[in-house]
Amino acid sequence: MELVNNNYYAGNVKLLDVAEEFGTPVYVYDANKIVEKYNKLKQAFKPANVKLKYACKALNNTNILKLLKNEGAGLDTVSINEVHLGLRAGFSPDEIIFTPNCVGFDEIKQAVALGVHINIDNISILEQFGAEYGNKVPCCIRLNPHIMAGGNAKISTGHIDSKFGVSIYQLRHVLRVVKSHNINVNGLHMHTGSDILDAGVFLQGAEILFDAAKDFPDLTFIDFGSGFKVAYKEGDITTDIEELGAAITERCLKFTKEYGRELELWFEPGKYIVSESGYFLVKTNVIKQTTATVFIGVDSGLNHLIRPMLYDSYHTIMNISNPEGKQRVYTVVGNICETDTFGWDRKITETKEGDILCFKNAGAYGITMASNYNARFRPAEVLIYNDKAHLIRKRETLDDLVKNEIDVL
């Protein structure tokens with residue numbers, strides 16, 4: 001996003017033109033930025049045999065999936081419906097890993113039938129899997145390394161109180177289950193959380209996985225999940241991908257020599273790839289001044305972008321209708337009958353009713369976490385591709401809200 005002649009552009013497309021053509025609220029994604037971030041990450045882990053499995057829970061529009069597939073990405077899925085979305089987008093089953101949590105065994109069986117990689121994160125399912133398939137179907141095991149990492153407790157997944165993964169302290173039990181059912185374990189996996197800055201966290205987890213790998217002679221890959229930090233505001237420290245890549249690659253290549261053969265190195269980036277590509281455009285409905293605060297009330301709310309209320313996340317908010325105006329202090333709020341504050345006491349250029357505001361870093365966990373709360377429609381989505389804005393999801397209508405209802409009165 002850059003300012004040219006008093007207008008903000010994503011790629012070569014003026015964002016105000018997008019708001020004018022498609023209306024607001026609208027999510028806008030820059031395809032070039034997505035490709036750039038994917039390739040930067042891919043490059044960072046050379047010369048290791050790295051496979052990037054895009055975590056589609058971050059943004060699962062079919063066009064985004066196809067874009068990344070064309071770049072050579074695989075897919076990380078966490079529900080059977082995400083698996084189907086991946087297959088629908090053209091991914092082959094062997095390019096997809098399925099890592100559900102607390103699902104019934106029937107869902108695992110559906111995924112097996114579709115031919116995707118199965119990643120198991122609890123002993124109960126592992127026992128059922130072994131009883132059903134023995135060594136006929138390979139699986140990966142997700143271990144919980146008991147590492148507290150991540151920018152928020154709600155997105156830290158590798159600590160001792162997390163519901164995710166099999167505790168590393170239960171490894172001996174896991175090995176007994178694997179042996180008794182003759183299970184073919186071809187991968188080990190961990191994911192410690194999101195917004196991780198320190199390469200040392202990954203290296204600490206790597207050592208735990210490498211140590212565990214010695215008990216599994218038939219591995220073909222080791223999966224480190226993801227969690228790379230992106231910048232949400234000016235001055236934010238981010239994950240140094242080059243430093244991390246060099247450190248992990250060096251250690252992984254050393255381990256594969258000890259293990260006796262080359263292993264693929266898997267990562268599952270989601271937010272890192274799509275977050276900075278996304279812009280959320282909203283319209284100013286009202287300017288409301290109270291005795292203490294000046295509010296900008298916009299035509300959206302936590303039903304469209306819940307992260308600020310759920311995770312206390314920070315999104316830079318800009319008035320793209322008046323980019324070089326005098327700065328004022330505003331609190332930006334939504335139109336939901338609930339406290340839905342996007343940002344307190346923000347310096348934003350002077351704003352009037354009708355102005356278009358832009359939320360940066362809105363590509364990840366925006367539309368995928370959106371809802372119809374207050375019977376509001378979910379927004380449209382637009383992809384800037386080949387220097388043109390393309391509508392990739394229509395705005396919902398009243399028919400969409402009621403189409404699954406059954407009238408019995």
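1. Two strands are taken to pair if DSSP finds at least two bridges between them. Strands (E, at least two residues) and helices (H or I, at least four) are DSSP runs, numbered from the N terminus. On that basis V28 stands opposite Y279 in β14, and β4 is joined to strand β14 (residues 278-289) by four bridges, the two running antiparallel. On β20, V28 stands opposite V382; here the pairing with β4 is parallel and extends over five bridges.

2. The model is predicted: local features need pLDDT of at least 70, side-chain atom pairs count only at pLDDT 80 or more, and totals for chains, interfaces and linings use all residues. Residues are numbered from 1 along each chain as its sequence is written, and side-chain values use heavy atoms, with hydrogens and water left out.

3. Burial of β4 deserves attention. A residue is called buried under 20% relative accessible area, exposed over 50%, and partly exposed in between (1.4 Å probe, protein chains only). Five of the five residues of β4 are buried, so the strand is largely enclosed by the rest of the structure. In a regular strand the side chains alternate between the two faces of the sheet. In β4, V26, V28 and D30 on one side and Y27 and Y29 on the other are all buried, so that both faces are covered.

4. The expected span of a helix is 1.5 Å times one less than its number of residues. For the 14 residues of α2 this gives 20 Å, and the end C-alpha atoms are 20 Å apart, which agrees. At the start of α2, a side-chain oxygen of D30 comes within 3.0 Å of the backbone nitrogen of N32. Such a polar contact is a pair of N or O atoms within 3.5 Å; within protein, one must be able to donate a hydrogen and the other to accept it, and residues adjacent in sequence count only if both atoms are side-chain atoms.

5. Which residues of α2 are buried? They are A31, I34, V35, K37, Y38, L41 and A44. Their cover includes β4 (26-30), β5 (50-55), α3 (62-70), α9 (241-259), α10 (271-274) and β20 (380-385), contact being defined as heavy atoms within 4.5 Å.

6. A nonpolar core is a set of buried Ala, Val, Leu, Ile, Met, Phe, Trp, Tyr and Cys residues joined through side-chain atoms within 4.5 Å. The largest one holds 99 residues, of which F45, Y54, I118, F129, L188, F216 and F267 touch the most other members. Apart from it lies another core, of 19 residues, among them L15, V26, Y279 and C358. Leaving aside neighbours within four places in sequence, the contacts of Y54 include L59, I64, L65, L68, P269, I273 and V274.

7. The whole structure contains nine salt bridges, each a side-chain nitrogen of Lys or Arg within 4 Å of a carboxyl oxygen of Asp or Glu. One of them joins R393 and E381 at 2.4 Å, N to O. R393 lies in strand β21 (residues 388-393) and E381 in strand β20, so this pair ties together parts that are 12 residues apart in sequence. E381 is buried, at 0% relative accessible area, whereas R393 is partly exposed, at 36%.

8. D355 and K352 have their closest N and O atoms 3.2 Å apart; D355 is buried at 4%, while K352 is exposed at 55%. For D211 and K214 the corresponding distance is 3.7 Å, with D211 partly exposed at 48% and K214 exposed at 60%.

9. The peptide bond from T24 to P25 is cis, with omega near -5°, and P25 is placed in the loop between α1 (15-22) and β4. Another cis peptide bond joins K46 and P47, with omega about 5°; P47 lies in the loop between α2 and β5.

10. N5 has phi near 50°; N5 is found in the loop between β1 and β2 and is exposed, at 71%. D345 has phi of about 45°, lies in strand β18 (residues 341-349) and is exposed, at 55%.
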